Amino acid sequence: MIANLVQLAAEEEQNPLIPPGPELLVGAIAFAIVFFFFWKKLIPNINKVLDERREAIEGGIEKAEAAQTEAQSVLEQYKAQLAEARHEAARLRQEAQEQGAQLIAEMRAEGQRQREEIVAAGHTQIAADRKAAAQALRQDVGQLATELAGKLVGESLEEHARQSRTIDRFLDDLDAKAEATR
């Protein structure tokens, strides 16, 4: 039996890579049917899905680019607002410093004015006190002078007119002596 198989195999010695004719024909027809089915039904569906996926990806990329552009725009606006706020804060700080300096100058001027008023009032009060003291001294000196003169003269200088003349004469003599010694 083995001998029969070997003989059979020797008679049909063909190339193992090339199939027999009828098998090749059936395979080619089956391939054409499957290829036609893929071409008409499966390939358009696959292309449709691929196109949709490509459009979704491209749309996503476009949306991402639009979002990035918008984010960049918002960032630039934020930076501009921040710079403007910093500028405004610096301006307000400068105005506050100027107002503070002006307020200090006004307060100094007001303090100087009040000091001058107080000094002037003090001078006025001193002058009034000096005048009152001089008047009181004049009366006291006049009174003492009248009493002394009355004791020296031996007469009473009680009369007002006489007393007044005597006091004025005495004080004028004192003033003349004081000016002479200067």
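Select Arg54 and Asp51 to begin: their side chains meet in a salt bridge, with 2.3 Å from N to O. The term denotes a side-chain nitrogen of Lys or Arg within 4 Å of a carboxyl oxygen of Asp or Glu. Arg54 and Asp51 are three residues apart in helix H2, and therefore separated by about one helical turn. Arg54 is partly exposed at 45% relative accessibility, and Asp51 is partly exposed at 31%. Here buried means under 20% relative accessible area, exposed over 50%, and partly exposed in between (1.4 Å probe, protein chains only).

The model is predicted: local features need pLDDT of at least 70, side-chain atom pairs count only at pLDDT 80 or more, and totals for chains, interfaces and linings use all residues. Residues are numbered from 1 along each chain as its sequence is written, and side-chain values use heavy atoms, with hydrogens and water left out.

Next, display the whole chain as a cartoon. It has three helices and zero strands; these elements are DSSP runs numbered from the N terminus (helices H or I, at least four residues; strands E, at least two). Of the 182 residues, 5% count as buried.

Now select residues 24–43, which an unreviewed UniProt entry lists as "transmembrane region"; such annotations may be inferred rather than shown by experiment, and the positions follow the numbering used here, with feature names shortened. This stretch is 100% helix and 0% strand, with its end C-alpha atoms 26 Å apart.

Which residues do ring pairs link into a cluster with Phe31? Select Phe35 and Trp39 along with Phe31 to show the cluster. Rings of Phe, Tyr and Trp (its six-membered ring) pair if their centres lie within 6.5 Å; planes under 30 degrees apart count as stacked, over 60 as edge-to-face and the rest as tilted. Phe31 and Phe35 are stacked, at 6.1 Å centre to centre and 20° between the planes. Phe31 is exposed at 57% relative accessible area, whereas Phe35 is partly exposed at 44%.

Move on to Glu95 and Arg91, whose side chains form a salt bridge of 2.3 Å, N to O. They lie four residues apart in helix H2, so about one helical turn separates them.

Finish with Glu110 and Arg113, a salt bridge in which the closest N and O atoms are 2.2 Å apart. Glu110 is partly exposed at 29% relative accessible area, as is Arg113 at 36%.
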